[in-house]
Amino acid sequence: MSFPAILVHNLRKSYGLKAAVDGVDLEVPRGSFFGFLGPNGAGKSTTIRMLTGLIPPDSGAIEILGLPLPERELEIKGHIGLVPDESLLFDRLTGAEYLEFVGRMYALDRATALARGRDLLELFQLQNDRKIIAEYSKGMRKRVAMAASLIHHPELFLMDEPFEGVDAVGARLMKDILMDQVRRGATIFLTTHVLEVVERLCDRVAIIDHGKIVTSGTLDELRAGGESLEDAFVRVVGAGQMTERLDWL
């Protein structure tokens, strides 16, 4: 399809006098694995919350899969999978109950929701865990959140720090699943502070700092001159080297 997965123009959101997102323009091609990077407080999570319709922008335009937000919000939500940073889940449900609930919310019939939930619990190695979600570790919560994002077979994934708190085995499993989704034509929009993950998975990257996009392009374009992604990141966000050192340290 000719339209991009995400198209954002002049997006703005302020909290009081602070501009969390300040005139962001962004285009995410369909079928791409897109890394959205930035230091703490740069505006990444605020941007994702606006893309999902969780918070309204102060101004600007958003199109998701060619559909305008918020005008087509309900239709858009049927085509996206979300893994939020907070892993907001229903803590009194088991993993199986939660996946059944999510499947039903996406209009799957009960038999399909149950079957897909069982398949996903097995895929994420949670099939033998009968605990309620309140008793899950942080890594297990991330796994079940990603399982829930997959159950309706979405076209676009919005993922805010999906690997945080996940052990190496779980993270490898999640990465392999995401790569499979991209190969089948899905689009993934990912925020993470782990640059090695971005270098391994992403084909395009944008960096936001103080609410503004400071650079975007392919990984090769960002690493022009042979520098690492970490070097490029530090250069464009202006961190530089430490100018002061503690005598005792």
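A: Let's start with how covered a residue is: buried means under 20% relative accessible area, exposed means over 50%, and partly exposed is in between (1.4 Å probe, protein chains only). R30, with a relative accessible area of 28%, is therefore partly exposed. Keep in mind that this is a predicted model, where local features need pLDDT of at least 70, side-chain atom pairs count only at pLDDT 80 or more, and totals for chains, interfaces and linings use all residues. Residues are numbered from 1 along each chain as its sequence is written, and side-chain values use heavy atoms, with hydrogens and water left out.

Q: How many salt bridges does the structure hold?
A: A salt bridge is a side-chain nitrogen of Lys or Arg within 4 Å of a carboxyl oxygen of Asp or Glu. The structure holds 16 of them.

Q: Which residue forms a salt bridge with K13?
A: That's D58, and the closest N and O atoms are 3.7 Å apart. K13 lies in strand β1 (residues 6–15) and D58 in the loop between α1 (44–51) and β4 (59–64), so this pair ties together parts that are 45 residues apart in sequence. As for those element names, helices (H or I, at least four residues) and strands (E, at least two) are DSSP runs, numbered from the N terminus. K13 is buried, with a relative accessible area of 11%, while D58 is partly exposed at 47%.

Q: You mentioned R30. Which side chain meets R30 in a salt bridge?
A: The side chain of E155 does, at 3.0 Å from N to O. R30 sits in the loop between β2 (18–28) and β3 (33–37), and E155 in the loop between α5 and β7 (156–160), so the pair ties together parts 125 residues apart in sequence. E155 counts as partly exposed, at 27% relative accessibility.

Q: And where do the partners D176 and R200 lie?
A: D176 lies in helix α6 and R200 in helix α7 (residues 195–201), so their pair ties together parts 24 residues apart in sequence. Their side chains meet in a salt bridge at 3.9 Å, N to O. D176 is partly exposed, with a relative accessible area of 32%, and R200 counts as partly exposed too, at 44%. There is also a network: salt bridges that share partners join R12, D22 and K212.

Q: Now for helix packing. At what angle do the axes of α5 and α6 cross?
A: Axes are lines fitted to C-alpha atoms, for helices over the stretch in contact, and angles run from 0 to 180 degrees between N-to-C directions. For helix α5 (residues 138–150) and helix α6 (residues 168–183), the axes come within 11 Å and cross at roughly 15°. Angles under 35 degrees count as roughly parallel, over 145 as roughly antiparallel, 65 to 115 as roughly perpendicular and the rest as oblique. So α5 and α6 are roughly parallel to each other.

Q: Is the crossing of α5 and α6 left-handed or right-handed?
A: A crossing is left-handed if the near helix is turned anticlockwise from the far one by less than a right angle, and right-handed if clockwise. The crossing of α5 and α6 is left-handed. For α3 and α5, the crossing is right-handed; these axes come within 9 Å and cross at roughly 25°.

Q: What about the backbone? Which peptide bond is cis?
A: Most residues other than glycine have a negative phi, and most peptide bonds are trans. Here the bond from L69 to P70 is cis, with omega near 15°. P70 lies in the loop between β5 (67–69) and α2 (73–77).

Q: Where is H153, with its positive phi?
A: H153 is in the loop between α5 and β7. Its phi is about 60° although it is not a glycine, and at 52% relative accessibility H153 counts as exposed. E161, in the loop between β7 and α6, has a positive phi near 50°. E161 is buried, with a relative accessible area of 9%.
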